[in-house]
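Me: I have a structure open and want to learn how to read its features. Can you walk me through a few?

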Amino acid sequence: MPEVIDHRPNRPQPQPQGDRVKRDPAPTRLQYRLERMWLRPIWRRTLRIGVPAFLVAMTAGLWLADEDRRALLSDGVQQVMHKVQSREEFQVRTMMVEGASPVVDKALRAMLPVELPASSFDIDLTALRLQVMQLDVIESVDLRIKPGGILSAVVKEREPAILWRHARGIEILDKTGHRVASVTARDVRPDLPLIAGESADMAVPEALALIDAAGPILPRVRGLVRRGERRWDLVLDQGQRIMLPAQGALTALEAAIALDRAQDLLGRDIAAIDLRNPSQPVMRLGIDARNSLRQARGEPLLGPDGKIIQEEEKKGG
Amino acid sequence: MAELYQTQRAMRNIRRAALQRGVIGILDIGTSKIACLVLRFDGTGTFRETDGVGPMAGQVNFRVIGAASTRSRGMRRGEIDVMAETERAIRTVVAAAQKVAGVRVDHVIACLSGGRPSSYGLAGEINLDAGRVHDHDVASVMAACDAPDFGRGREVLHAQPVNFAVDNRTGLGDPRDHVGNRLSCDMHVLTVDGDVIGNLIQCIRRCDLELAGVASASYASARASLVEDEQELGAACIDFGGGGTGVSIFIKKHMIFADNVNIGGQLVTQDIAQGLRIPLPVAERLKTLNGGLEATGRDDRDLLEIGTGSGEWDTDRRSVSRADLIGIMRPRVEEILEGVREVLDAAGFDAMPSQQIVLTGGGSQIPGLDGLAARILGPNVRCGRPLRIDGLAHQFTDPGFSSAVGLALFAAHPQDEWWDFEMPASSYPTRSLRRAYRWFRNNW
């Protein structure tokens, strides 16, 4: 029963209750089947993901099928990228090198692939660092772009420790044996000790230790020679040498120095002290000493080459 | 019986496949309403202890994920009358339940309330050659049960071994590995009209669903509404449905008898409609909201409007007292209960150790029914509601859904039936052996 009764002349006629068409609540067979099909996960996935994805791919593919549009698209992308990269905030204006000698500084600036000022996107710091690390003189380098458009390179150079003379020239090595630079003559760096021989650079720490240990006789030391890639000969002036063993070279050298102190061994006419077998040191006498001994015994003298001097030659001489 | 064995076995396999897929539908096709539950099985019992439902009798490993019910159409007395109408009703309810569940239901378990069920108790006995019961002996003793003539067109719906006895030790639930010389078994067989079940299968198939099992509605509602002790000690479950009243008797957790009284709640509605001259929907509404069985003095003063919307003042402005309504309903309900009494008497319920009677089904909600039933059936009467199962919405927990809930329990834990055991090799038809022999001879 409605609260307000409508008496207007053109009021809508109330529909009789019984004439209302009853809708069948049951789904039709087609509806039912479609609903069940929709409940299959594979169909849902196909329709929800597959079809939209296919449409997007299709549209994109059709649009990109034209050469001009592709070029247009790539040009646009390039332009936007360039615009962003060449913004003021990304510009690198100066390069600061710390801890490098003037030569290295110059080399570093020459290595920079672009002219400053440049965008920081154009500077590949990793590649630049690898390139810089190829310089032998540089031990480590810390490259970074600092705020304010500064490319900062903090360089640590290798310290020259020793000279190595080999068949192809003379090189400066640091204390680990890594090459620092080449020199033309030994006189360029007279303050550095000298080593020689094949693969002497592999044993630079040992050589440095030996040179440290050779303190009292250091003024007489000419250098160290690597023998057979395993042991050292300490070469003194006047052609004397101390042959050190492969193992325990330092102990042997200290023993030789002790002998020298006690008996002035190296002041005598001795060509070589052979310590290759540390328990059995052997000394090779110099030619004069041997000749004095031979003369005292009445034996023929030896020449500078170590051979017995023949009588006729002697007569001739 | 071999053909039946094959079809039931095939249904069991479908059920197993459905459980593996994890989703199974329950279809309770009644005369007044159709309910569909969608169950999800997880197999491991991870659905425990949720929603306040603890692990109860055999319902821990599934959960109801969708439920719907609708008015039944095209059904009469628990049987399919107009198949197209019933098919539409099934489509409606299945579509609604699927929508709630969000998954597609392919396999359903249905129940059948009509079809003139009749139950038989069969007995079989074999000698044990090995002196010990083996698996195949259990199958062969069941095959040895001498089946009476069920009649033309009858189909076996349930064939459950109820009791096993080895020598003189009886009451064994599981006779395997018992030592003895003779094994005998009692089997309860429930047969229904084959055409009725065929119609049901056809109707479900037309809805693109596969049938994974059929159970008797009275069996299913007893599974749901009898508590475990009642099933063990013996009880009768009376399922007041729309088109018929199902009776089933349980003892030792086995159904030993089932029958159907062909008077249901719809007849009560029909009586009201005839007696008060009102349309059936109005009568149904009057019965549900104001019905009762015990009249009191107040009911005479309780006047009920029975406006029918016909447009005539005379018919629209009538009213009856509630006592009149009760006066119409009570004789019919009494008649139903008398029918139930007859069925129980025929089944020998008086001889049962326990006289517990449980009323369930939609009709059991009539106020005062338990008092009337106590007067007619016996003192131990209670109104039973279905077991709570996980995930079932509250509106589906009233007694009218006890057979749907029972079917869900049946789907989760079916009782052993005859076709769950391997058929003894001797009872295979000889034709297949001959065919195998012929195949060998032709090919070698």
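Predicted model: local features only at pLDDT ≥ 70, side-chain atom pairs only at ≥ 80, totals over all residues.

Me: How are two packed helices described?

Reply: By the angle between their axes and the distance between the axes. The crossing of α6(A) past α7(A) is right-handed. On α6(A), the contact uses A:Glu206, A:Ala209, A:Leu210 and A:Ala213. On α7(A), A:Ala249, A:Leu250, A:Leu253 and A:Glu254 take part. By class, that contact has 6 nonpolar, no polar and 2 charged residues.

Me: How many residues are in the largest nonpolar core?

Reply: First the general idea. In soluble globular proteins, nonpolar side chains tend to be buried together. Here the largest nonpolar core has 120 residues. B:Ile26, B:Leu37, B:Ala110 and B:Ala408 have the most contacts inside it. Helix α11 (residues 322–347) of chain B gives the largest share, 10 residues. Apart from this core lies another, of 27 residues, including A:Ile162 and A:Leu244.

Me: What does B:Leu37 touch?

Reply: Leaving out residues up to four places away in sequence, B:Leu37 touches B:Ile26, B:Val64, B:Ala67, B:Ala97, B:Ala404 and B:Ala408.

Me: Is A:Gly239 buried or exposed?

Reply: A:Gly239 has 10, so A:Gly239 is exposed. A:Gly239 lies in the loop between β11 (231–236) and β12 (241–243) of chain A. A:Gly286 is 47 residues from A:Gly239 in sequence, but 9.6 Å away in space, C-alpha to C-alpha.

Notes:
Residues numbered from 1 in each chain as written. Chains lettered and ligands numbered in written order. Left-handed = near helix turned anticlockwise from the far one by under 90°. Helix = DSSP H or I, 4+ residues; strand = E, 2+ residues; numbered from the N terminus. Contact = placed C-beta atoms within 7 Å. Nonpolar A, V, L, I, M, F, W, Y, C, P; charged D, E, K, R; others polar. Core = buried A, V, L, I, M, F, W, Y, C linked by C-beta atoms within 7 Å. Buried ≥ 20, exposed ≤ 12 C-beta atoms within 10 Å, placed from the backbone.
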